[in-house]
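Subject: Handover of the model and notes on it

Dear colleague,

I am passing the structure on to you with this message, and my notes on what was found follow below it. Please read them with the coordinates open.

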Amino acid sequence: MATHKLLLLPGDGIGPEVMAEVKRLIAFFNQKGPDTFETEEALVGGACYDAHGVSITDETMAKAHAADACIFGAVGGPKWDTVPYEVRPEAGLLRLRKDLVLYANLRPAVTYPALADASSLKRELVEGLDIMILRELTGGVYFGEPKTITDLGNGQKRAIDTQVYDTYEIERIGRVAFELARKRNNKVTSMDKRNVMKSGVLWSEVMGQVHQREFKDVKYEHMLADAGGMQLVRNPKQFDVIVCDNLFGDMLSDVAAMLTGSLGMLASASLGEADAKTKRRKALYEPVHGSAPDIAGKGVANPIAMIASFGMALRYSFNLGKEADMIDAAIAATLAKGLRTGDIAGPGTKTVGTTEMGDAILAELEKAA
């Protein structure tokens with residue numbers, strides 16, 4: 001039996017509500033084992049700005065470095081639209097990603113059998129869907145410099161964002177993609193815009209080199225990112241692992257989310273390099289959905305993506321694959337009984353709130369245990 005240190009960062013909006021359901025899962029596994037979890041909680045995002053004038057403190061960053069994994073809720077909301085850019089709520093998340101070097105963002109898009117009709121696509125297109133979108137997370141246009149807005153005078157301004165990638169950044173995300181594919185259906189699709197972007201030219205060149213040099217056994221294809229977006233809604237089951245830069249990965253993973261029925265269903269893992277001695281990676285796990293301030297405090301948020309994100313932590317940080325499978329099975333069984341939060345409700349289903357959905361998933365875990 002091992003004990004793991006978790007840093008819980010609920011954040012803003014519905015973040016604390018869905019995090020509350022993860023705390024209940026942690027209590028369940030602390031009781032049942034095989035491993036146990038020590039937790040510490042800290043502020044991030046708008047909540048941290050309100051308390052400290054920054055979106056994340058140096059003290060919280062030190063705790064993140066010391067933790068075995070961070071579990072993150074959501075940040076942002078209209079309340080903080082006018083705060084200075086450098087301390088906006090999202091800056092806290094970006095600092096976590098950058099300072100922990102969490103360069104690999106895994107976003108699975110899985111359609112649970114009971115939710116095939118909740119997708120905006122026809123059932124036959126999404127039934128049985130299981131794809132992994134891998135997004136490079138610490139480079140590209142979100143972090144490139146210069147990043148400026150310049151006053152040109154006469155009422156004119158110029159905004160500049162810079163897309164930057166070095167060879168090593170592409171190589172390391174490429175290796176993660178091919179290694180993931182080997183454990184899945186052995187196919188990688190790399191998406192970029194090499195037809196109009198120099199960074200895309202390098203991305204495609206380096207990805208091809210990594211494939212030829214180290215992963216010839218994996219099926220590999222290239223696709224322009226705009227064509228990839230079209231194919232995701234035309235024939236999504238053709239894909240296994242999709243690897244993209246930061247910008248395209250952000251957009252295409254949200255497209256994939258809607259294939260599953262709701263953003264409230266999509267979990268994610270952000271991983272760093274494995275430590276040479278311990279083999280442990282720095283990691284942060286979060287739902288893809290935002291803070292949803294319009295429903296915050298109403299008890300109606302869908303906690304499944306947050307719960308599934310904790311399941312990914314069990315799988316990728318703590319080698320607890322059996323327990324992660326238990327969580328996935330508990331979610332599937334709950335949905336099969338017709339229980340739905342409002343975002344995925346439909347004819348013949350029963351609409352429940354955040355806590356009720358958590359109750360049902362915990363009950364299924366109890367059965368499995």
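Contact, as the word is used throughout, means heavy atoms within 4.5 Å. This is a predicted model, in which local features need pLDDT of at least 70 and side-chain atom pairs count only at pLDDT 80 or more, while totals for chains, interfaces and linings use all residues. Residues are numbered from 1 along each chain as its sequence is written, and side-chain values use heavy atoms, with hydrogens and water left out.

I begin with the nonpolar cores. A nonpolar core is a set of buried Ala, Val, Leu, Ile, Met, Phe, Trp, Tyr and Cys residues joined through side-chain atoms within 4.5 Å, where buried means under 20% relative accessible area, exposed means over 50% and partly exposed lies in between, with a 1.4 Å probe and protein chains only. The largest such core has 68 residues, and Ile71 and Phe310 are those with the most contacts inside it. Helix H10 (residues 304-316) gives the most to this core, namely eight residues; helices (H or I, at least four residues) and strands (E, at least two) are DSSP runs, numbered from the N terminus. If residues up to four places away in sequence are not counted, Phe310 touches Leu6, Val22, Leu25, Ile26, Phe29, Phe37, Ile71 and Ile327.

Two helix pairs come next. The axes of helix H6 (residues 167-182) and helix H7 come within 9 Å and cross at roughly 50°, the axes being lines fitted to C-alpha atoms, for helices over the stretch in contact, with angles that run from 0 to 180 degrees between N-to-C directions. H6 and H7 are therefore oblique to each other, given that angles under 35 degrees count as roughly parallel, over 145 as roughly antiparallel, 65 to 115 as roughly perpendicular and the rest as oblique. Their crossing is right-handed, a crossing being left-handed if the near helix is turned anticlockwise from the far one by less than a right angle, and right-handed if clockwise. On the H6 side the contact includes Ile170, Ile173 and Phe178, which, with others, meet H7 residues including Trp203, Val206 and His211. By class, this contact has eight nonpolar, three polar and five charged residues, where Ala, Val, Leu, Ile, Met, Phe, Trp, Tyr, Cys and Pro count as nonpolar, Asp, Glu, Lys and Arg as charged, and the others, Gly among them, as polar. His211, which lies in helix H7 (residues 198-214), counts as buried at 9% relative accessibility; leaving aside neighbours within four places in sequence, His211 is in contact with Phe178, Lys216, Val218 and Tyr220.

In the other pair, the axes of helix H3 (residues 58-66) and helix H4 (residues 89-99) come within 11 Å and cross at roughly 40°, which makes H3 oblique to H4. The contact is made by Asp58, Met61, Ala64 and His65 of H3 together with Arg95, Leu96 and Asp99 of H4, and by class it has three nonpolar, one polar and three charged residues.

The loop between H4 and strand E4 (104-110) holds Leu100, which counts as buried at 4% relative accessibility. Not counting residues up to four places away in sequence, Leu100 touches Met61, Ala64, His65, Cys70, Arg95 and Lys282. Val101, found in that loop between H4 and E4, counts as partly exposed at 37% relative accessibility. Gly272, in strand E11 (residues 267-274), is buried with a relative accessible area of 1%, and with the sequence neighbours up to four places away not counted, Gly272 touches Val101, Leu102, Tyr103, Arg281 and Lys282.

Most residues other than glycine have a negative phi, and most peptide bonds are trans. Phi of Val101, however, is near 55°, a positive value, and Ala292 has a positive phi of about 45°. Cis peptide bonds join Gly33 and Pro34, with omega about 5°, and Glu145 and Pro146, also with omega about 5°. Pro34 lies in the loop between helix H1 (15-32) and strand E2 (36-41), whereas Pro146 is found in the loop between strand E5 (130-136) and strand E6 (148-153).

With kind regards
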